[in-house]
Amino acid sequence: MVSSQYILQTENLSRLFGGQVAVNAVSLGVRAGEFKSIIGPNGAGKTTLFNLISGMLPPSSGRIIFEGQDITRRPAYYRSRLGIGRSFQMTTIFPNLTVLENVRLAVQSREPHAFNFWQPASRFGGDEETAFAILDMVMLGGRELQTAQTLSHGDKRKLEIGILLATNPRLLLLDEPTAGMSRDDVPGIIEVVQRIKRAGGRTVMLVEHKMDMVMSVSDSVMVMHYGELIADGSPQEIAQNETVQSAYLGGYTERAG
Ligand SMILES: Nc1ncnc2c1ncn2[C@@H]1O[C@H](COP(=O)(O)OP(=O)(O)O)[C@@H](O)[C@H]1O
Ligand SMILES: [Mg+2]
């Protein structure tokens, strides 16, 4: 059933690889402004679900509705134009440009500009202000004039997130932003995600294994297991759910305080 309270809905969404079901009849709804996380063991189908939502992969069956529109058969570029922003495959850092130029270009790529070629020059200043604000949010303030390729691994990840934010997606999909980061880089990435949450006004789907972060930033948490959605609720509900405990959390309990 299509419901307007959701910005994104999937209905019985499935994806098979050969005979194997990676995503199994997943029906979910994401509300505008909601911060929704997806947890589950490796191989549970989280990335495949994101690939289906962003259009990187066609589903085997089921439907995807975005802002009331059936986008199930729409190509990835179309979904990206509608405002589905996906890390990180769709994000390209220009290595020879500065950090600021990378983000400013992404700001300028926002839809309205395409129809507004003869905008006044002052508009450029506005874009730069927006870029500075985004760089502040992703904790790259002070690095604006550094060439992107000279950034550390962790700062490159922050820049990727900044570029994605700069395109101002209606729905932001973050697939394991801390994956592949060194232990020293992880806290910074977690802080960036928390700042995105604190700034508010964004609809985010986050896949992460860092449970402290998931439990602190999420309005709701979905649990996937062998391709199926086995639970969906508030962080507290999920932390106390026994099925989830045995399937995945392995005794995770919220820390006191
Ligand atoms: N392109 C693909 N071709 C074949 N099998 C795939 C492909 N992508 C994912 N899978 C399989 O689908 C299942 C779900 O994978 P994935 O969505 O990456 O899980 P997660 O992101 O939760 O770790 C796994 O068994 C994986 O091997
Ligand atoms: Mg994955």
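Two residues are in contact here when heavy atoms of theirs lie within 4.5 Å. Keep that in mind for Leu-135, which touches Val-99, Leu-100, Val-103, Leu-140, Gly-141 and Glu-144, leaving aside residues up to four places away in sequence.

Before going on, a word on what you're looking at: this is a predicted model, where local features need pLDDT of at least 70 and side-chain atom pairs count only at pLDDT 80 or more, while totals for chains, interfaces and linings use all residues. Residues are numbered from 1 along each chain as its sequence is written, chains are lettered from A and ligands numbered from 1 in the order in which they are written, and side-chain values use heavy atoms, with hydrogens and water left out.

Back to Leu-135. Along with Val-103, Val-138, Leu-159, Leu-165 and Leu-206, Leu-135 is among the residues with the most contacts inside the largest nonpolar core, which has 33 residues. A core here is a set of buried Ala, Val, Leu, Ile, Met, Phe, Trp, Tyr and Cys residues joined through side-chain atoms within 4.5 Å; buried means under 20% relative accessible area, exposed over 50%, and partly exposed in between (1.4 Å probe, protein chains only). Elements giving two or more residues to this core include α3 (99-108), α5 (122-137) and α6 (153-166). Helices (H or I, at least four residues) and strands (E, at least two) are DSSP runs, numbered from the N terminus. Apart from this core lies another, of 24 residues, with Leu-8, Val-26, Leu-49 and Ile-71 among them.

Now for the ligand. Which residues are around ligand 1? They are Phe-17, Gln-20, Ala-22, Pro-41, Asn-42, Gly-43, Ala-44, Gly-45, Lys-46, Thr-47 and Thr-48, each with a heavy atom within 4 Å of the ligand. Helix α1 gives the largest share of this shell, three residues, and β2 (20-31) and α1 (46-54) each supply at least two. As for polar contacts (pairs of N or O atoms within 3.5 Å), a polar side-chain atom of Gln-20 sits 3.0 Å from a ligand oxygen. On its own ligand 1 exposes 560 Å², and the protein buries 61% of that (Shrake-Rupley areas, 1.4 Å probe).

Finally, two loops. Glu-67, between β4 (61-66) and β5 (69-70), has a positive phi near 45 degrees though it isn't glycine; Glu-67 is partly exposed, at 39% relative accessible area. Tyr-226, in the loop between β9 (220-225) and β10 (228-233), also has phi near 45 degrees, and at 67% relative accessibility Tyr-226 counts as exposed.

Terms used
Polar contact = N/O pair within 3.5 Å; in protein donor to acceptor, adjacent residues only side chain to side chain.
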